[in-house]
Amino acid sequence: MEKAFKSLILLLICLSFITGCKNAAKQGDANEMVLYSALAAKVRGLDPGDIGDTTSSVVASQIFECLYQYHYLKRPYELIPQLAAQMPIASEDGLTYTIKIKKGICFSDDPCFKDGKGRQLVAGDIVYAWKRIANIKYLSKNWWIFDSRIVGLDEFREYTKTCKKAIDVDYSYPVGGLQTPDDFTLVIKLKKPWPQIVYLLAHLPTAPIAKEAVDYYSKDIINHPVGTGPYKLKIWNRGSYIELVKNPDFHDEFYPSQAASGDVQLGLLSDAEKKLPLVDRILLMNIQESPPRWFLFLQGKIDLSAIPKDNFESTIDQRGGLTEDMKKRDIHLGIFRDPSTYWIGFNMEDPVLGGNKPLRMAISCAVDKAKFIELFTNNRAEIAYGFIPPVMKSYSSAVKDISPVRYDVNRARELVEEAEKIYGGKIPKLVFTLPGTDVVVRQYGEFYSRCFKEAGLDIEMEYMDWPTFQDKVKTKSAQIFSLGWIADIPDSENFLQLFYSKNVSPGTNNFNYSNPEFDKIYEQISVMPDSPERTKLYRKAEQIVVEDCPAVFLYHGVAYVLYHDWLHNYKPHGFGYGLSKYRRIDVKKRAAYKDLLKNIK
Amino acid sequence: MNNKPTITKKQLPKGVGFWKDGFRRLARRRMAMVCLFIIFAYFAIAAFIYLAEAFNWQLSIVDWSSQVGEEYQPPSKENIFGTDFLGRSVLRKTIYGTKISMTVAFWASIISLLIGVPLGAIAGYFRGWVDELIVWLYTTLSSIPYILLILAFALVLKDKSISFSWLHLGTLQLSGITSVYLAMGLTSWVGICRLIRGEIIKHKEREYVLAARSYGCKNARIIFRHLLPNVFHLIIINFSLRFVSFIQAEVILSFLGLGAKNQPSWGAMIDTARLDLPKGYWWEMTAATVAIFFISLALNIFGDALRDSLDPKLRVQ
């Protein structure tokens, strides 16, 4: 008994010693710059070839790099070289892209390399990464990027089908469209022109990966990322936290010296031309529930946070600025436009709605977009008139004048009368399908049904879970539905393809919209490189769609982010993920926050 | 000579029947009577809404969907319970919610009694393998957690239809609240079944049953004409106490997103108000809770009083 008691005491002493060490490790040097951040979802894996979720992308983007990246400060979004030495050189026919790669970039040190020393990056690492995604045995989520795009890559995929196991795949199997004339040149040959390829070269799954690492770690590669980026993975305590440390061998990259207007006043250029990364360590805590995340932010334990819907009122005042309480805490607000558009879609093949433009316009007039935004988004949105979000280069504010419909109940009633003449009698009960059965979606439904009723239209709301909803939309059996789209790349083509007649359901054109004039423009622009003419055509295509009214375009999202005073160089970004390298922490200010909190109390 | 003894009516002590006696005892309890009045009031509101809808009366108090003021207005003289996120009167929504809640609770109680009582009576009367089968059925059913069972039933029944064409009655669409009360009725008959079974086992050895049998009565007649009327007070008590739990179950189901779709019910109101509460809009939650509180309290007190008055073992003066 006594022995057991003694061992228990000993165990307790050991435990306290261990936790003490751990805390010490967490705190480290007082002047060390540490970025504390929270992850709202679990990190699934850190193998760039198989990443499909945002949270994993955020972590992996600090470790891996792509050929190109978005300029951190410039708006509209602009691509700049990252691993590439310059922007790609496209052939005249738009089918061949030649990309020069920077020399002297090395993978971070890892036991998978000879002597544990990271070797130099070569063009072959990019070819290997892409072939790996094409390998059917690897079952990557990201094959859609290359599907029917690159000469010979689809044939490579066919070849991998004949291999029994993933290990049997021979990566030296030639792919005509991916050539490396020397170690620092990559030549890509496309099947047909694809100007958007440059944006995908900045998309994490296309990042190079070392074959040595994949061979060494095999399936465990998702836990052992070996990249060229500014940070290295130090600890990954699953479900708890991830610790990243500065990569000592990171190549020369400097904080940008050019910025968008207004950035200088915000102090975003005070670190211009400094060597990146600025922060020594990053601690990413996994906190899935929003209340604890919020409280940790208020206590200064994490540096930045989104605003939970329930705390919005106490954070943002009537005029859209921070409340006094937040200002006392020296908290700053970052607002940025999402590349998103949300709408009420019409099934253009529906016998009632399809051939009846006045009816569709009546519904557009009946929906009070401003009220919707006020009620359901805490005013965190902008009214939409077309589908191209204001954050896109091709957005034109003239769309407001083109759009033939404004919220006007009387006009809606007139249009309903007109629609009834076309229909030849009273418009039958319309069915509105909404994705989701929870209370917020029901509130949307109640709001919409009141709008419809005010215009004199009979409406039935239908609430269903996401898979059933998708099925209904894809089989063209939904009459009116609520949906949206968030762009993956800053190119409006991403939105335009939603209205192309060859993409009708089960494709992405859920409206089943078809207009030969639009199709002609779309086919023309889908192979055009970026130019003022293309932008003009984008706008013309949008105008055609807006006039045909296959949807009520509701709003474009606006996101709010809060950050503490000690976090510098924070600028929200719609597409980039690996942005921690630009941040700087004022360690003294953070330390003083405790006293500030005491004073507030 | 007329030797017949003359018995005048006055000499006969007036007998008081079981039911009359019970209700007389009940009437003496003032609290129970108040509760009965509240219950009647709730039923009357529900019935009134049904009538108003059937005859298309344009009454403002039933018109819950129209806007009466600004959004999220706190309680005032014009709007006793304030307004909701679309500027609709919370009072009208609460009143309309009575219809849904009372309908669901009423039909769920009826369905559960219609299943539980005959099954319990048959099991208790026949015993043997019939009893074993029924006991097996209800023990299996009661071993599944109640809310999960209701949820499973409600999900299975959702958006299905039952055809009554063989009765020339058309089809019954199981949408919204129909599936809710069917699910509740089909899953909650175990308690009453067990109770009736026990009572029948006790009663079936009594003299009056023996007498009925000696007259050559058939089993069905003995069960339904002799045994059940003697345990009927238990059914009534059970009905009133069960009613409360059904109202609460409807609230929980609506809260879980399985209730009435396009009409307000107390559960749906609480579900909505849950999101408004952190913002300080307390009135919708309060209105629905108050409505549930009064009917629950009234039914509980009345149910207890009913048991005290009708159950011979508990009769108190």
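Predicted model: local features only at pLDDT ≥ 70, side-chain atom pairs only at ≥ 80, totals over all residues.
In chain B, take the contacts between residues at least 6 apart in sequence: 64% of them join residues at least 24 apart. Two residues are in contact here if their C-beta atoms, placed from the backbone, lie within 7 Å. For chain A, the corresponding share among contacts between residues at least 6 apart is 69%.

Residues are numbered from 1 along each chain as its sequence is written, while chains are lettered from A and ligands numbered from 1 in the order in which they are written.

Let's stay with chain B for a moment. Chain B has 11 helices and two strands. Reading from the N terminus, the order is α-α-α-α-α-β-β-α-α-α-α-α-α. The C-alpha atoms of chain B fill a box of roughly 90 × 50 × 40 Å along the principal axes. Of its 317 residues, 34% count as buried. Buried means 20 or more other C-beta atoms within 10 Å of the residue's own, exposed means 12 or fewer, and partly exposed is in between, with C-beta atoms placed from the backbone.

Now, how do its helices pack? Two packed helices are described by the angle between their axes and the distance between the axes. Our axes are lines fitted to C-alpha atoms, for helices over the stretch in contact, and angles run from 0 to 180 degrees between N-to-C directions.

Take helix α2 (residues 30-54) and helix α11 (residues 283-310) of chain B: their axes come within 8 Å and cross at roughly 130°. So α2(B) and α11(B) are oblique to each other. As for the words, under 35 degrees is roughly parallel, over 145 roughly antiparallel, 65 to 115 roughly perpendicular, and the rest oblique. The crossing of α2(B) and α11(B) is left-handed; that is the name if the near helix is turned anticlockwise from the far one by less than a right angle, and right-handed is the name if clockwise. Among the residues that meet are B:Met31, B:Cys35 and B:Tyr42 from α2(B), and B:Phe294, B:Leu299 and B:Ala305 from α11(B). What classes do the residues of this contact fall into? There are 14 nonpolar, no polar and no charged residues. Nonpolar covers Ala, Val, Leu, Ile, Met, Phe, Trp, Tyr, Cys and Pro, charged covers Asp, Glu, Lys and Arg, and the others, Gly among them, are polar.

The next pair is helix α7 (residues 190-203) and helix α9 (residues 219-255) of chain B, with axes that come within 10 Å and cross at roughly 150°. That makes α7(B) roughly antiparallel to α9(B). Here the crossing is right-handed. The contact includes B:Ile192, B:Glu199 and B:His203 of α7(B), along with B:Leu227, B:Asn230 and B:Asn238 of α9(B). By class, the contact of α7(B) with α9(B) has seven nonpolar, three polar and one charged residues.

Let's zoom in on a single residue. B:Gly185 lies in helix α6 (residues 177-187) of chain B. Is B:Gly185 buried or exposed? B:Gly185 is buried, because 22 other C-beta atoms lie within 10 Å. Leaving aside neighbours within four places in sequence, B:Gly185 is in contact with B:Trp107, B:Ala108, B:Ile111 and B:Ser112. The C-alpha atoms of B:Gly185 and B:Val104 are 81 residues apart along the chain and separated by 9.4 Å.

Another one to click on is B:Asp271, in helix α10 (residues 266-276) of chain B. B:Asp271 is buried too, with 22 other C-beta atoms within 10 Å. Not counting residues up to four places away in sequence, B:Asp271 touches A:Val439, B:Ser254 and B:Phe255.

And that brings us to chain A. Chain A has 19 helices and 20 strands, and buried residues make up 37% of its 601 residues.

Terms used. Helix = DSSP H or I, 4+ residues; strand = E, 2+ residues; numbered from the N terminus.
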